[in-house]
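The following exercises ask the reader to work from a structure to a description of one residue and of one interface. Please examine the sequence and the model before turning to the solutions.

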Amino acid sequence: DAKTTQPPSMDCAEGRAANLPCNHSTISGNEYVYWYRQIHSQGPQYIIHGLKNNETNEMASLIITEDRKSSTLILPHATLRDTAVYYCIVRASNTGNQFYFGTGTSLTVIP
Amino acid sequence: EAGVAQSPRYKIIEKRQSVAFWCNPISGHATLYWYQQILGQGPKLLIQFQNNGVVDDSQLPKDRFSAERLKGVDSTLKIQPAKLEDSAVYLCASSFSLSTGELFFGEGSRLTVL
């Protein structure tokens with residue numbers, strides 16, 4: 001079962017930062033936070049992951065709170081192509097545990 | 001680098017018929033996953049392979065679903081007989097290893113059961 005809670009939907013103006021929250025209050029010490037997104041009619045796409053520290057790559061930034069009970073995915077300058085369902089997943093990386101995708105947040109970027 | 005290939009992209013069958021989906025993962029990826037995604041829901045893992053061995057098939061309805069990865073490369077997922085509730089997108093994904101968290105997904109095979 002999904003160990004994360006996300007809002008079902010969000011809107012963001014094009015060019016603005018999109019901040020997608022995720023609660024994972026029962027996260028274990030060896031579990032990473034992963035973010036994937038799924039654009040309509042495509043398979044999910046990996047975005048970023050982290051354990052404790054904030055992470056940044058060419059797609060997004062991941063901010064994890066100090067107690068690790070929540071995180072925020074930041075798309076710094078949202079474009080229309082960022083309209084998608086965003087999934088926050090926790091998983092222990094040193095095991096073969098499966099990814100529980102949940103229902104995610106449907107982000108709509110508005111022109 | 002070629003991505004995960006899946007076929008067919010679309011399939012329409014009547015209930016009680018059978019169907020098979022094929023997946024070719026990214027070259028060198030040891031771990032292969034089959035997910036079922038029903039409209040409006042997130043993907044649900046059906047089966048996970050490490051090379052040609054099954055790691056997790058706890059959510060695979062074994063009375064009607066089967067999957068194999070005989071040579072540890074490509075894989076086939078079969079449904080026989082199909083039910084109306086099997087209408088979904090079947091996604092294949094691969095990763096370099098079990099511990100790798102970056103999964104690469106194919107575009108999926110959309111099944112409609114009438």
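Two exercises with worked solutions follow, both based on a predicted model.

**Exercise 1.** Determine where D86(B) lies in chain B, and decide whether D86(B) counts as buried or exposed.

*Solution.* 
1. Locate the residue: D86(B) falls in the loop that runs between β8 (75-79) and β9 (88-95) of chain B.
2. Apply the cut-off: buried means under 20% relative accessible area. D86(B) has 3% relative accessibility and therefore counts as buried.
3. List the surroundings: leaving aside residues up to four places away in sequence, D86(B) is in contact with Q36(B), R64(B), F65(B), I79(B), P81(B), L111(B) and V113(B).

**Exercise 2.** Describe the contact between chain A and chain B by its residues, its buried area and its polar interactions.

*Solution.* 
1. Of the area that chain A buries against chain B, P44(A), Q98(A) and F101(A) supply 30%, more than any other three residues.
2. Examine the polar interactions: zero salt bridges are counted between the two chains, whereas four residue pairs are in polar contact across the interface, both residues being at pLDDT 80 or more.
3. Assign the elements: on the side of chain A that touches chain B, β3 (31-38) and β8 (84-92) of chain A each give two or more residues. The largest share, three residues, comes from β3(A).
4. Classify the residues: this side of chain A comprises eight nonpolar, 10 polar and one charged.

How values were computed
Residues are numbered from 1 along each chain as its sequence is written. Chains are lettered from A and ligands numbered from 1 in the order in which they are written. This is a predicted model: local features need pLDDT of at least 70, side-chain atom pairs count only at pLDDT 80 or more; totals for chains, interfaces and linings use all residues. Side-chain values use heavy atoms; hydrogens and water are left out. Helices (H or I, at least four residues) and strands (E, at least two) are DSSP runs, numbered from the N terminus. Buried means under 20% relative accessible area, exposed over 50%, partly exposed in between (1.4 Å probe, protein chains only). Contact means heavy atoms within 4.5 Å. Buried area is the accessible area (1.4 Å probe) that two parts lose on being put together, summed over both. A salt bridge is a side-chain nitrogen of Lys or Arg within 4 Å of a carboxyl oxygen of Asp or Glu. A polar contact is a pair of N or O atoms within 3.5 Å; within protein, one must be able to donate a hydrogen and the other to accept it, and residues adjacent in sequence count only if both atoms are side-chain atoms. Ala, Val, Leu, Ile, Met, Phe, Trp, Tyr, Cys and Pro count as nonpolar, Asp, Glu, Lys and Arg as charged, and the others, Gly among them, as polar.
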